[in-house]
Amino acid sequence: MGRYDFRPLRVHQTATQLLNTERISRTPPWYNVVGSITPAQTLVRTQPLPHRHRKGRSRTKKSSKLFQPQMIHYEEDALRKEFFKDHPWELARPRLVIEDDGKDSQKTDWSRIEQPEKALSGESVVRRQLWLRHNVPGITSAQAYDQARKEFYSLRLEEDVERRVAKEEALSTGAYFGKSTLDIGMELEDKEYERWKEWATKEVTLAEQKQAAMYTGGVESEEMEVDSNPAEYKAAIEEVSDQIPAQGQSALGGAMIRP
């Protein structure tokens, strides 16, 4: 194939030859149309543009990321990452992510961090910081983050005080609360510590017994052998008794003492 493709122009000519030679019995529906309107280089669709290959790579090598979608980045992604990096325990708080009509974003006004229809969370800090950056002239990202965090801490403190006062009022009227999660955790920790203490005591006792047996094991084994065979022990003593010098008798042999 050269620069131009003339095969579409020969479609009508080829169909005419097939009809004349009776290779096809019926005239195609597009025969008269193609004969009156000469087609271009293609009949169905335009030729796709070839992919531009990067420099330094072989044209025969297929790119593994050719059909992967592009990464989608939002402005609040970096703000959200920064906040939850500084406050990881906020992720442990339960959140309600169900929306009634999908228009909750239209009911919020982030000129203030407290929203009547939305519970306070880390997302409130992100939205408040984003609003400050877009609506307060001359404010930096760090200043917006500090202001949003201060408002967030103040509201969290108010919630804790309200919760504590409500509990004290309930206790004063005769309410009874079970063990808190902190108390339950401390009890489980105490049980595990006692179990470990018992195991460690046994291990230390066994280690001390093994260490004592390393130094007393040989003597005890010899004494056990003597006690178990008294006849053999007496015969061995009588056998060597003649070679043992009597009391007051000097031993014979040995090296000569030089002056």
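## Basis of the report

The model is predicted, so local features need pLDDT of at least 70 and side-chain atom pairs count only at pLDDT 80 or more, while totals for chains, interfaces and linings use all residues. Residues are numbered from 1 along each chain as its sequence is written, and side-chain values use heavy atoms, with hydrogens and water left out.

## Helix H4

Helices here are DSSP runs (H or I, at least four residues), numbered from the N terminus. Helix H4 covers residues 122–135. The expected span of a helix is 1.5 Å times one less than its number of residues. For the 14 residues of H4 this gives 20 Å, and the end C-alpha atoms are 20 Å apart, which agrees.

Several residues of H4 are buried, a word that means under 20% relative accessible area; exposed means over 50%, and partly exposed is in between (1.4 Å probe, protein chains only). The buried residues of H4 include Gly 122, Ser 124, Val 126, Arg 128 and Leu 132. The buried residues of this helix pack against H3 and H5.

## Two residues of H4

Gln 129 lies in helix H4 and counts as buried because its relative accessibility is 1%. Contact means heavy atoms within 4.5 Å. Not counting residues up to four places away in sequence, Gln 129 touches Leu 79, Ser 141, Ala 144, Tyr 145 and Ala 148.

Arg 133 is also placed in helix H4. With a relative accessibility of 32%, Arg 133 counts as partly exposed. Its contacts, leaving aside neighbours within four places in sequence, are Glu 75, Leu 79, Ile 139, Ser 141 and Ala 144. Gln 143 is ten residues from Arg 133 along the chain, and the C-alpha atoms of the two are separated by 9.1 Å.

## The nonpolar core

A nonpolar core is a set of buried Ala, Val, Leu, Ile, Met, Phe, Trp, Tyr and Cys residues joined through side-chain atoms within 4.5 Å. The largest one has nine residues: Phe 83, Phe 84, Ile 113, Leu 120, Val 125, Tyr 145, Ala 148, Phe 152 and Leu 155. H3 and H5 are the elements that give two or more residues to this core. The largest share, four residues, comes from H5.

Tyr 145 is one of the core residues. Apart from neighbours within four places in sequence, Tyr 145 is in contact with Glu 82, Phe 83, Asp 86, His 87 and Gln 129.

Arg 156 is found in helix H5. Arg 156 counts as buried because its relative accessible area is 10%.

## Salt bridges

A salt bridge is a side-chain nitrogen of Lys or Arg within 4 Å of a carboxyl oxygen of Asp or Glu. By this rule the count comes to 15 salt bridges. One of them joins Glu 123 and Arg 80, with the closest N and O atoms 2.9 Å apart. Glu 123 is in helix H4 and Arg 80 in helix H3 (residues 75–86), so the pair ties together parts that are 43 residues apart in sequence. Glu 123 is buried, at 10% relative accessibility, whereas Arg 80 is partly exposed, at 24%.

Arg 149 and Asp 146 form a salt bridge with the closest N and O atoms 2.7 Å apart. Both residues lie in helix H5 (residues 141–172), three residues apart, about one turn of the helix. Asp 146 is partly exposed, with a relative accessible area of 31%. Glu 192 and Arg 195 also meet in a salt bridge (2.6 Å, N to O). Glu 192 and Arg 195 are three residues apart in helix H6 (residues 181–228), so about one helical turn separates them. An α-helix has 3.6 residues a turn, so residues three or four places apart point the same way.

## A surface patch

Leu 96, Val 97 and Ile 98 form a nonpolar patch on the surface, with about 390 Å² of accessible area together. Patches are made of residues with over 30% relative accessible area and no salt bridge; nonpolar side chains (Val, Leu, Ile, Met, Phe, Trp, Tyr) are joined within 5 Å, and like charges within 9 Å. Accessible areas come from the Shrake-Rupley method with a 1.4 Å probe; for residues, only the protein chains shown count as cover. Leu 96 is in the loop between H3 and H4 and is exposed, with a relative accessible area of 72%.
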